Amino acid sequence: MSKQKTILRVLAGETLPVPPIWMMRQAGRYLPEYRATRARAGDFLSLCYNPELATEVTLQPIRRYGFDAAILFADILLLPQALGADLWFVTGEGPRLSTITTPDELAALKPAGDVHEHLSPIYETVRTLARELPDETTLIGFAGAPWTVATYMIAGRGTPDQGPAHALMQADKATFEGLLDLITKSTIEYLSAQIEAGAEVVKLFDSWAGSLKGDAFDRYALAPAREIITALKARHPETPIIAFPREAGDRYIGFAQATGADCVALDNSVSAKWAAENVQIDGPVQGNLASSHMVTGGQKLIDETRAIVDAFSGGPHIFNLGHGITPDADPENVTLMVETVRAGRQG
Ligand code: CP3
């Protein structure tokens, strides 16, 4: 029965005539109904930790657009908070965290197995969503990949070049690798618990993978993803896993095989034609329309959407953006994208 869900069919390797579609950050500030619910919650973190309201915002884009997947409403930075870091969001600027740059600060964090109590409202949201979603909609859970989460924990905020994390990697490799290991182990616990609560697919977001080159990419992007995926497959062999090593470029090639991921999500810095030839030949891919089209719309949106559907039509493909939709997007452009994908392949 659940195998009838289009997303699960594609993740099992099926090529569908029309790709299923969902969108990164589909529950977000571009939607007036999201802004209203966030105002009811008070602030973003209160929304994440309120199972009733987090369920509501997860369902909003499903009601509006009929997407084939719903992604749990939460954030990759809730895990550092569960490990004992302070976390807050500055309106208009983004996240702030207490920093981890010394052996003592690392040692003061909680052990990987102790994150569940703090994260229990998130598991409650997953359980509620598993009951409330339409039968055809796949529920996706997620976590940040260790490198990306570490970049925020080390710098205490988002950074354009992940400089502080690269600096710690050089200056104190033991602390850097100890932090990565703690995030890796706790992410296994966190994603396992999401699966046990009802997540049917999980996705690992490595938003800053592109700043790791060569050997550093192998050690800090690929190896932690492989460790997490291997552990999850041992516990939950039926649950498909999507890996998103954003801006990995050439390193998208072979990433799924090397890590055990069932699908690789592609950002829009690689062309769909290149990705079909070099990445999709090995298995399912997701992506990769530039999210700027959700702001600009028009014929260019239609043409580019069709070109991506076309380029990936020879293999398993889940349509998505190359990165999250931005707050200045027009909800009508999302409708146009969904209609264009569902109108079927052109030419
Ligand atoms: O995709 C979804 O709809 C599910 C929910 C989700 C959020 N964040 C909600 C959110 C997911 C999967 C994330 C992942 C996430 N969070 C990533 C990885 C993906 C990516 O975008 O690269 C990262 C790096 C974060 C950390 C984070 N959270 C930042 C840097 C920010 C501030 C930037 C911004 O967009 O404001 C957030 C806030 C955040 N997470 C918002 C949402 C809807 C906006 C908060 C608000 O409502 O004010």
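In the predicted model, an N or O atom in the side chain of His323 is 2.7 Å from an oxygen atom of the ligand, a polar contact being a pair of N or O atoms within 3.5 Å. The protein covers 87% of the 870 Å² of accessible area that the ligand has on its own (Shrake-Rupley method, 1.4 Å probe). A polar side-chain atom of Tyr34 lies 2.5 Å from a ligand oxygen atom, and one of Asp75 lies 2.7 Å from a ligand nitrogen atom.

Residues are numbered from 1 along each chain as its sequence is written. Because the model is predicted, local features need pLDDT of at least 70 and side-chain atom pairs count only at pLDDT 80 or more, while totals for chains, interfaces and linings use all residues; side-chain values use heavy atoms, without hydrogens and water.

Around the ligand there are 22 residues, of which Arg29, Tyr34, Arg38, Asp75 and Ser207 come nearest; a residue is near if one of its heavy atoms lies within 4 Å. By class, this shell has 15 nonpolar, three polar and four charged residues, with Asp, Glu, Lys and Arg counted as charged, and Gly among the polar ones.

Aromatic pairs, with ring centres within 6.5 Å, number 10 in the structure. Phe142 and Phe205 form an edge-to-face pair, 5.6 Å centre to centre with 85° between the planes; edge-to-face requires planes over 60 degrees apart. Phe142 belongs to strand S4 (residues 138-144) and Phe205 to strand S5 (residues 201-206), so the pair ties together parts 63 residues apart in sequence. Strands are DSSP runs (E) of at least two residues, numbered from the N terminus.

Definitions and conventions. A polar contact is a pair of N or O atoms within 3.5 Å; within protein, one must be able to donate a hydrogen and the other to accept it, and residues adjacent in sequence count only if both atoms are side-chain atoms. Rings of Phe, Tyr and Trp (its six-membered ring) pair if their centres lie within 6.5 Å; planes under 30 degrees apart count as stacked, over 60 as edge-to-face and the rest as tilted. Helices (H or I, at least four residues) and strands (E, at least two) are DSSP runs, numbered from the N terminus.
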